[in-house]
Number of protein chains: 2
Amino acid sequence: MTSINLGHPVDMHVHLRQGEMMKLVTPTVKQGGFSVAYVMPNLVPPVTSPERALEYKQELQALAPDTEFMVTMYLSPEITPEVVADAAKKGVSGIKVYPAGVTTNSDQGVSSYEQYYPVFRAMEEHNLVLNLHGECPSTPQSDITVLNAEERFLPTLGELNKMFPKLRIVLEHCTTKAAVDAVNACDDNVSGSITAHHLSLIIDNWSGNAINFCKPVAKLPSDRDALVAAATSGSPKFFFGSDSAPHPIKNKRTCNNAPAGVFTQSHALTYVAQVFDKAGKLDNLKKFVTDNGRKFYQIENMATSGPEVTVVRKEVVIPGLIGPEDDGVVPFRAGEKLDWTIEWN
Amino acid sequence: MTSINLGHPVDMHVHLRQGEMMKLVTPTVKQGGFSVAYVMPNLVPPVTSPERALEYKQELQALAPDTEFMVTMYLSPEITPEVVADAAKKGVSGIKVYPAGVTTNSDQGVSSYEQYYPVFRAMEEHNLVLNLHGECPSTPQSDITVLNAEERFLPTLGELNKMFPKLRIVLEHCTTKAAVDAVNACDDNVSGSITAHHLSLIIDNWSGNAINFCKPVAKLPSDRDALVAAATSGSPKFFFGSDSAPHPIKNKRTCNNAPAGVFTQSHALTYVAQVFDKAGKLDNLKKFVTDNGRKFYQIENMATSGPEVTVVRKEVVIPGLIGPEDDGVVPFRAGEKLDWTIEWN
């Protein structure tokens with residue numbers, strides 16, 4: 001195949017930040033081939049009210065009028081069942097759970113899930129999606145590390161599914177075979193999102209490489225292979241969420257504390273098409289980037305009036321830097337030649 | 001205990017580099033508390049002849065007349081059984097094996113061991129030590145990663161021990177419980193060296209942290225605990241080799257390809273004493289840093305005429321940088337307060 005019409009793809013996990021970085025990366029959602037972006041709430045301070053979520057949505061929409069933004073809130077004590085009801089009414093789509101301290105701006109994250117059961121019950125009732133950053137925090141002297149932090153979280157996923165059987169849950173950015181298996185073992189209303197970079201990276205690629213360092217970290221070749229198999233399978237339980245997470249290159253250069261996050265937004269569909277092509281599964285690409293996410297999020301008709309996206313087999317070179325020196329971002333696979341570019345028509 | 005006389009400690013694995021970096025770090029062997037340094041040959045170009053090894057030794061000796069340097073050669077096709085015999089006569093102490101591509105300046109490393117069996121036989125005969133960087137190269141699409149590269153190498157250690165039963169072999173910089181077990185399973189003439197940094201680091205400490213990134217990478221908490229147990233046990237099979245590996249801070253800041261290596265030379269004994277103290281094993285410190293290494297290398301009397309080293313319980317703050325901005329090195333645990341300092345008397 002040399003070109004594939006993907007309709008109006010949806011990226012169900014993006015970080016668009018604030019301030020100058022927001023201005024830089026928000027237009028790259030469309031550049032990367034996506035019509036809809038589901039935006040994470042880990043701002044500073046975090047988005048914890050429907051009002052702030054809608055205000056943020058307006059800011060983003062002003063920067064990229066052709067892209068549709070879906071907004072979420074950051075699970076925290078301010079969010080009560082009443083806030084959930086109000087949020088649903090106002091069009092907030094979901095709530096994101098960050099375990100305390102596991103990734104960028106997660107200082108105010110969750111340490112115990114039980115206290116939020118009333119919130120989860122309200123979310124179930126009002127049809128909000130629960131987005132899980134599925135990692136247990138690493139703790140000194142324990143045996144939980146970046147390597148098994150996701151696997152250790154998986155029992156919690158199963159428990160939440162059992163406890164709130166109608167709650168739609170996404171295990172975000174799956175990175176292990178164990179996560180794929182856990183999602184498959186849950187009910188139909190539990191899905192997993194998979195990033196572009198975890199479809200190719202393994203642990204070696206981020207050792208000594210801050211650009212490829214993200215949380216959850218990329219794991220073993222067998223894990224990557226399981227993710228490729230899940231993403232390319234066509235199964236409705238898996239869809240694309242880039243978890244594109246821009247950090248200024250000057251911060252990535254901090255050699256003792258590089259921030260976690262890989263920036264894939266600007267060439268998101270290129271990266272994914274490359275993987276599907278290599279796997280001989282281009283037939284299932286549209287399911288992964290368009291159909292499955294839309295169906296799970298019940299947004300089959302959102303942002304479908306504009307031009308459609310086609311991926312075309314045509315060489316593209318990933319730029320070395322997007323934006324200004326020091327404050328710009330280095331995209332994933334910078335400098336590499338890839339085989340697929342996108343066209344809107 | 002508030003002070004311990006350690007005699008004349010020996011650091012049986014150091015990288016002292018060339019040029020400006022050599023000038024900067026060579027004097028830190030003594031500053032770090034060591035009388036003898038066993039120096040690695042991965043220079044550019046690598047040290048592959050007895051002449052070059054001795055020339056290098058003279059360069060080092062000129063920079064630090066109070067320190068005794070033991071020199072090695074880099075296993076490569078230039079090294080024949082005849083070269084081994086000549087090296088032994090000239091006072092070269094051992095030969096280091098780098099598997100191709102696993103760490104700094106290992107491009108010319110070994111891909112297959114069989115071709116070197118005649119060399120190993122000659123080393124056995126001439127009593128040279130074989131120093132093994134015990135990792136299998138990570139290979140794309142295989143399941144060998146930085147995480148299991150050492151464990152996958154261990155069968156080779158056992159085979160070499162069986163094939164050359166009198167050859168003294170060091171499995172350098174052990175990083176896993178599996179490595180400790182493998183060394184223990186070999187004959188008495190097989191030992192393991194253990195670094196300072198692997199006695200405290202785990203995978204989380206080098207994720208996003210180029211300063212703590214080295215090869216072999218630090219592994220799991222259970223591995224670190226096994227290393228501490230082995231080092232502090234008093235067993236003659238384990239001794240100190242810092243693998244202190246300086247890189248200019250400007251290179252560590254390269255965010256897509258940070259060089260592997262932790263610099264511990266300047267405060268080596270401080271780091272090790274800290275670990276032994278915490279483990280309640282200060283009684284065995286001298287065995288680890290002085291006696292075991294001397295016995296294995298048959299250098300009981302080398303460099304023992306000068307002042308002795310005492311570690312004293314007295315706060316020391318690790319500096320943030322040693323040497324010039326950009327070209328200097330950031331020491332391990334920079335900026336931290338530790339409890340042990342050293343005195344020569």
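Arg168(B) lies over the face of Phe296(B), 5.8 Å from the ring centre. Bear in mind that this is a predicted model. In chain A, a lysine does something along those lines: the charged end of Lys30(A) sits over the ring of Trp344(A), at 5.2 Å from its centre.

**Aromatic rings**
- Over all chains, the count comes to 29 aromatic pairs.

**Helices H11 and H12 of chain A**
- Helix H11 (residues 268-278) of chain A packs against H12(A) at an angle of about 140°, and the axes are 9 Å apart.
- H11(A) and H12(A) are therefore oblique to each other, since roughly antiparallel would take an angle over 145 degrees.
- On the H11(A) side the contact is made by Leu269(A), Val272(A), Ala273(A) and Phe276(A), while H12(A) brings in Leu285(A), Phe288(A) and Val289(A).
- Sorted by class, this contact has seven nonpolar residues, no polar ones and no charged ones.

**Cis peptide bonds**
- Most peptide bonds are trans.
- Lys215(A) and Pro216(A), though, are joined by a cis bond, with omega about -5°.
- Pro216(A) is in the loop between helix H8 (203-206) and helix H9 (221-232) of chain A.
- Chain B has a cis bond from Lys215(B) to Pro216(B), with omega near -5°.
- You'll find Pro216(B) in the loop between helix H8 (203-206) and helix H9 (221-232) of chain B.

**Positive phi**
- Most residues other than glycine have a negative phi.
- Arg17(A) is not a glycine, yet its phi is positive, about 60°.
- Arg17(A) belongs to the loop between strand S2 (10-14) and helix H1 (19-25) of chain A, and with a relative accessible area of 11% it is buried.
- Arg333(A), also not a glycine, has a positive phi of about 60°.
- Look for Arg333(A) in the loop between strand S10 (309-317) and strand S11 (337-344) of chain A; at 23% relative accessibility, Arg333(A) counts as partly exposed.

Conventions
Residues numbered from 1 in each chain as written. Chains lettered and ligands numbered in written order. Predicted model: local features only at pLDDT ≥ 70, side-chain atom pairs only at ≥ 80, totals over all residues. Heavy atoms only, no water. Phe/Tyr/Trp six-rings, centres within 6.5 Å; stacked < 30°, edge-to-face > 60°. Lys NZ or Arg CZ within 6 Å of the ring centre and 35° of its normal. Axes fitted to C-alpha atoms, helices over the stretch in contact; angles between N-to-C directions. Helix = DSSP H or I, 4+ residues; strand = E, 2+ residues; numbered from the N terminus. Parallel < 35°, antiparallel > 145°, perpendicular 65-115°, else oblique. Contact = heavy atoms within 4.5 Å. Nonpolar A, V, L, I, M, F, W, Y, C, P; charged D, E, K, R; others polar. Buried < 20%, exposed > 50% of the residue type's maximum accessible area, 1.4 Å probe, protein only.
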